[in-house]
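Colleague: Could you take me through this model and the terms you use for it?

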Amino acid sequence: IFNTYGPKMALDDGRVVSNFVAQALTNQPITVYGEGSQTRPFQYVSDLIAGMVAVMDGDEIGPFNIGNPGEFTMLELAHVSGVCVGGSHCLQLIEAAGKQQVQCCSTRSCSTGMITALLTAQHRLNSRRSQSGLHLQLH
């Protein structure tokens, strides 16, 4: 079970999805460690349940990994979290040496690179929405 998200998540549970959403909701910079290029697969809770039921109904025995085959970078997730919550957000990039960089963005005033990253994240999420249950639209 990897990086499951959905309704009624505790904002302080320490998982990356809830951390990013909590920071966006409280207008804090969304903290991304490193360059944000590390990836994770995410799955909506109902997809996890459907996978568990399929395993229980099946004839196969053994350990199973239930997850989404698509992965997203932490930078993409941070942008999507900020946009979904309010349309404007700041990212705080923290490098291993402790150096920090803050970059702010709104869907109306993003740099070309930021808009490209947001649209790429939107496309990737929407193309996998049948697996993840999430549909993002930028306004």
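Modeller: Gladly! α1 and α3 are oblique to each other. The model is predicted, with local features needing pLDDT of at least 70, side-chain atom pairs 80 or more, and totals for chains, interfaces and linings using all residues. Residues are numbered from 1 along each chain as its sequence is written, and side-chain values use heavy atoms, without hydrogens and water.

Colleague: Why are α1 and α3 called oblique?

Modeller: Their axes, which come within 9 Å, cross at roughly 45°. Under 35 degrees counts as roughly parallel, over 145 as roughly antiparallel, 65 to 115 as roughly perpendicular and the rest as oblique; the pair is therefore oblique. The crossing is right-handed.

Colleague: Which residues of α1 and α3 make the contact?

Modeller: Among them are Val16, Phe20 and Ala24 of α1, and Met74, Leu77 and Val85 of α3, where contact means heavy atoms within 4.5 Å. The residues of this contact divide into 10 nonpolar, 2 polar and no charged.

Colleague: What makes up the lining of the second largest pocket?

Modeller: Its lining includes Val16, Phe20, Tyr33, Arg40 and Met74. α1 gives the most, 4 residues, while α1 (16–25) and β2 (30–33) each supply at least two.

Notes:
1 Å grid on protein atoms, 1.4 Å probe; cavity = no way out; pocket = protein on both sides within 12 Å on 5 of 7 lines; lining within 4 Å. Axes fitted to C-alpha atoms, helices over the stretch in contact; angles between N-to-C directions. Left-handed = near helix turned anticlockwise from the far one by under 90°. Nonpolar A, V, L, I, M, F, W, Y, C, P; charged D, E, K, R; others polar.
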